[in-house]
Amino acid sequence: MRNSIKFLFILAILPASNLFAQFASLSTTNDGSVLYFTTPLVRTGTDQPAHGKTFRIGANGLEVVEIRTVTPTAEGSRITNYYDIERVTVSGDGSVVATAARRDCNAMGCSRIPNQMTNAVGSGPAVEFTGAATMSTNGRYLVNYVTPAPDRADPLVQLDMTTGESWTLLGTVPTSPHVLTTARLVADNGLVTGLINNRDLAVWERGEPRQLTFGSEAIENATIDALGKSVLFVSRWPVPYDTYPRLRRVDLVTGALVTVHEGFPSYSQPRLSNDGSVITFQSERQLFVIHSDGSGLRKLTDETDGIDYSNLSGDGRVAFATTNGGRLVRVDVETAQVTEILGRTLSPRSWLNYPSPGSALLISGSAMDQPGLTVTIGGLNAPIIEAIPGQLTVQVPWEVPVDVSTTVSIVSTAKSEFTAGLDKTGAPRQWIPYRLGAPLHENRDRPVTHDDPAQPNEIIHFFLAGLGPVSVPVRTGVPQPAEPSPVLARSLACYHGGSIPGPATELLYAGLEPGALGVYRVSVRMPIEGDKGTPWLINLACQAAGSSTIDLSLEVPFVN
């Protein structure tokens, strides 16, 4: 970590990263003896292309399975073929491999062209399936759960690869490609789980839905066991108690809906063994195992960098995981023994907020605290504010021009099995507000939460990036002095009630945070009473001078 003393407060306000790993999919056979994964990283010492490829780790060690070439298609040179492999799923016995790949298209008219395909290869003829798809453990069923063309809202479709039949899953909506997981969504008997009307849990049998919940809870991360007997999911109580997550299970035979575990601050990526008896999940960046009846809870990992992504073998005996430090590990579920498969790997993925001159820029990835790492933006050195395994924070130089295409580049001198750098191009913007974590109470000693809400008339502090120039000269790489006061060059007005105009909210400060680098602060005084309709929340809407829209929408938990 660099500048750790001056910028320590950023650690307290930045949200934890839970994005997918540099080694994606992590699909394994029933006994965990073979692991498939995809990665855009290049194996060191090879001339592999820097787009998605499929690798396998088994008896022969690490080997590449598929690299699709980049050549024009019949539509013309504006479109590549289906080359960028994003997802791979292997059947439990290893006989069928389904590969989802994407092609790029940036020309006019591309929005009507399906840009994702899944290719399933097994003992029979290969099957091509429009859209990225997930597969059942027995390799029989494919379910398309990403709309095949960017501007179309096609329903989800299920394919029986044995009979060649297909049918629509009624009442479903397309799922964003950014939430691709290796959670099992279709059972070996063809039963599919997911959300109906993007809200309630359901299962589909030959396209007909059976609703399992009815608006009583917020649901995410649903998965079904291979036998089609139970569905596991992460649940949250309705607002304003939605900060309390639970791990829940539906018995599809009896209809019983039970809580498997609660009390942890978070639950993510639940995975089920084939028979549904063994569950792994992540909480507080570590991997846990529990039985389906809620017994036998054990912690499986104690990774300093934290677990980023994980999956479970069909027999429930082996888990695979990637860490925020870029390691790929094998975990024996019974003994909790962790074996490293691939060592620490730098893998920048994307920036979390848009570049703005002078502002903090957050970049997600793995091993982002690698030694010898440097960042340039538009050819100018970008000072590193903070480097932790899953996220790098740098300052965009004040000298970078706005609305002019420029490149963010990350390089490292560290060596590993795979190599990667981030060369991402964009045009920095002068005003592009981005909130950094939860607001802080008046004394800045703790965050504002539903358990510890803001009080009437209390001053609340927000930390942000991307608020543009200030009224005094500022130098790149120099922490902001308190005097002269670095207030925003554009004046800001805030209102509560969530609309503009609305009841005015007293604004005490809007500008760079003294003592920090690239971080802005907006401090406001809470009203005496909560907003009508949502008394447990203050909905703030802030507008910059010269703007006709809401520039900042901020919610503050408020005493009811």
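Which residues make a nonpolar surface patch of about 330 Å²? They are W237, Y241 and Y244. The model is predicted. Y244 sits in the loop that runs between β20 (230–236) and β21 (245–251). Its relative accessibility is 35%, so Y244 counts as partly exposed.

**Nonpolar cores**

In soluble globular proteins, nonpolar side chains tend to be buried together. Here the largest nonpolar core holds 27 residues. Those with the most contacts inside this core are F462, L492, V522, M526, L540 and V556. At least two residues of the core come from each of these strands: β41 (459–465), β42 (492–496), β44 (507–512), β45 (520–525), β46 (537–544) and β47 (552–557). β46 gives the largest share, four residues.

V522 shows what such packing looks like in sequence terms. Leaving out residues up to four places away in sequence, V522 touches I460, H461, F462, L464, L467, L492, L507, Y509 and A510. Another core lies apart from the largest one. This other core has 18 residues, including I377, A387, V408 and I410.

**Salt bridges**

The count of salt bridges comes to 17. Three of them are set out below.

| Salt bridge | N to O distance |
|---|---|
| E417 and R43 | 2.8 Å |
| R140 and D160 | 2.8 Å |
| R246 and E217 | 3.0 Å |

Take E417 and R43, which form a salt bridge. E417 lies in the loop between β37 (406–412) and β38 (418–419), and R43 lies in strand β3 (residues 42–43), so the pair ties together parts 374 residues apart in sequence. E417 is partly exposed, at a relative accessible area of 33%. R43 is partly exposed too, at 24%.

The side chains of R140 and D160 also meet in a salt bridge. R140 is in the loop between β12 (133–135) and β13 (141–144), while D160 is in strand β14 (residues 157–160). The two are 20 residues apart. D160 has 2% relative accessibility and counts as buried, because buried means under 20%.

R246 and E217 make a further salt bridge. R246 belongs to strand β21, and E217 to the loop between β18 (208–211) and β19 (218–224). They are 29 residues apart, and the pair links distant parts of the chain. Both R246 and E217 are buried. Salt bridges with shared partners join E217, R246 and R248 into one network.

Technical notes
Residues are numbered from 1 along each chain as its sequence is written. This is a predicted model: local features need pLDDT of at least 70, side-chain atom pairs count only at pLDDT 80 or more; totals for chains, interfaces and linings use all residues. Side-chain values use heavy atoms; hydrogens and water are left out. Patches are made of residues with over 30% relative accessible area and no salt bridge: like charges are joined within 9 Å, nonpolar side chains (Val, Leu, Ile, Met, Phe, Trp, Tyr) within 5 Å. Accessible areas come from the Shrake-Rupley method with a 1.4 Å probe; for residues, only the protein chains shown count as cover. A salt bridge is a side-chain nitrogen of Lys or Arg within 4 Å of a carboxyl oxygen of Asp or Glu. Buried means under 20% relative accessible area, exposed over 50%, partly exposed in between (1.4 Å probe, protein chains only). A nonpolar core is a set of buried Ala, Val, Leu, Ile, Met, Phe, Trp, Tyr and Cys residues joined through side-chain atoms within 4.5 Å. Contact means heavy atoms within 4.5 Å.
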